[in-house]
Amino acid sequence: MFWPLPSCTMTRTFVISPLLRSSAGVFCPQTALSPWRPRGLCHLTGSCIMKSQKKSDHLERTAKSFRHEVISPAKVCGIIDESKSVRRLRLLITDKNFTFKAGQWVDFFIPGVPVVGGFSICSSPSLLKQESALELAVKSTNHPPSLWVHTKCVVGSEVTLRVGGNFFFDPQPSDSSVNLVLIAGGVGINPLNSILLHVADLHRLRGNQGSGYEMGRVMLFYSAKNTSELLFKNSILNLTNAFPGKILCRFYVTQQSTEISEELLPYTTEGRISEEDLREHFSEDTLFFICGPPPMIEQFSHHLETCKVPKEHIYFEKWW
């Protein structure tokens, strides 16, 4: 267990903003894919392939994104520093109807902070199901919600959460098997880590029960400034060891100034993820999920389209 979770009960009255209310339950009709595509991807929107205008406000950027109806109080049950610039929170969720799919984000409401945060969930849906908890890894910035996480948030702090997002992986047992290529830059690893953990859960379920969704191979390409900024690296390597040949990873560091440790060296390349690295993973049953800085997303989505990867097989989450 990552942290011991104290039992706690919360009651809170809150007001739903008009913007959230108006954007609730928005689905995109652009969902028709080839027959092998998992039904769980039916809410991934074709607009993900389009360039987006830069907006500073999370609610404005995501006004057309799907949001769940459930808004739940939550209590911070654990805090660790994932790196020098990223703080990881574990939150205990009060509402039993609160759910999310691997890859989605939350609206993050903080008492006394007028700005609403938007943070991708980095944990697996199974953690919520088993322990009524989820995790967020928040990078330190001057944005008020991030600033609160890094300067004022303590164990016991109470917030309110609402799940949203059209970027997720949620295959159903009867869906055809697919392979995944996950491409992450910096804290863009957050939703992809959730997907990776969910994939591991799918493998375990099928291994234990002999039934359930048959997952294909997953390859993670993950770039950061240096190895100390590679979030979740130990967990990721544990998954590659637990599921050899099924979950694979390659780390990239662009500003490494120290010697790479012996345990990371076999998995790490100095430099950026190259377009050539992706070529061996092209196939008609492979889906590409990208999350990171906008220039990286635009580079790889354009490259994949140029290489004749169907647009409906390319999905990304863009955080500004």
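## Working through a predicted fold

S132 sits in the loop that links α3 (125-131) to β5. Here helices (H or I, at least four residues) and strands (E, at least two) are DSSP runs, numbered from the N terminus. The model is a predicted one, in which local features need pLDDT of at least 70 and side-chain atom pairs count only at pLDDT 80 or more, while totals for chains, interfaces and linings use all residues. Residues are numbered from 1 along each chain as its sequence is written, and side-chain values use heavy atoms, leaving out hydrogens and water.

**Exercise 1. Find what sets the backbone of S132 and F232 apart.**

Step 1: Start from the general rule that most residues other than glycine have a negative phi.
Step 2: S132 has a positive phi, near 55°, and is not a glycine.
Step 3: F232, also not a glycine, has a positive phi near 60°.
Step 4: Place F232 in the chain: the loop between β8 and α6 holds this residue. F232 is buried, at 3% relative accessible area; buried means under 20%, exposed over 50% and partly exposed in between, using a 1.4 Å probe and protein chains only.

**Exercise 2. Describe the whole protein chain in a few numbers.**

Step 1: Count the elements: there are eight helices and twelve strands.
Step 2: Of its 320 residues, 52% are buried.
Step 3: Take contacts (heavy atoms within 4.5 Å) between residues at least 6 apart in sequence: 75% of them join residues at least 24 apart.

**Exercise 3. Work out which residues of helix α4 are buried, and how they are arranged.**

Step 1: Within α4 (residues 144-151), the buried residues are P145, S146, W148 and V149.
Step 2: Viewed down the helix axis, the buried residues of α4 fall within an arc of 160°, so they line one face. The arc is taken from the directions running from the helix axis to the C-beta atoms.
Step 3: Their packing partners are β2 (86-93), β3 (105-110), β4 (113-120), β5 (133-139) and β6 (158-164).

**Exercise 4. Describe how α5 and α6 meet.**

Step 1: The axes of α5 (residues 189-209) and α6 (residues 233-242) come within 11 Å and cross at roughly 30°. Such axes are lines fitted to C-alpha atoms, for helices over the stretch in contact, and angles run from 0 to 180 degrees between N-to-C directions.
Step 2: The two helices, α5 and α6, are therefore roughly parallel, as angles under 35 degrees count as roughly parallel, over 145 as roughly antiparallel, 65 to 115 as roughly perpendicular and the rest as oblique.
Step 3: From α5, the contact uses I189, N193, L196, L197, A200 and R204, and from α6 it uses S235, I236 and L239.
Step 4: Look at α6 itself: K233, I236, L237, L239 and T240 are buried. Down the axis of α6 these buried residues fall within an arc of 155°, so they line one face.
Step 5: On the face turned away from that buried side, α6 carries exposed N234, N238 and N241. The cover over its buried residues includes α5, β8 (218-224) and β9 (247-253).
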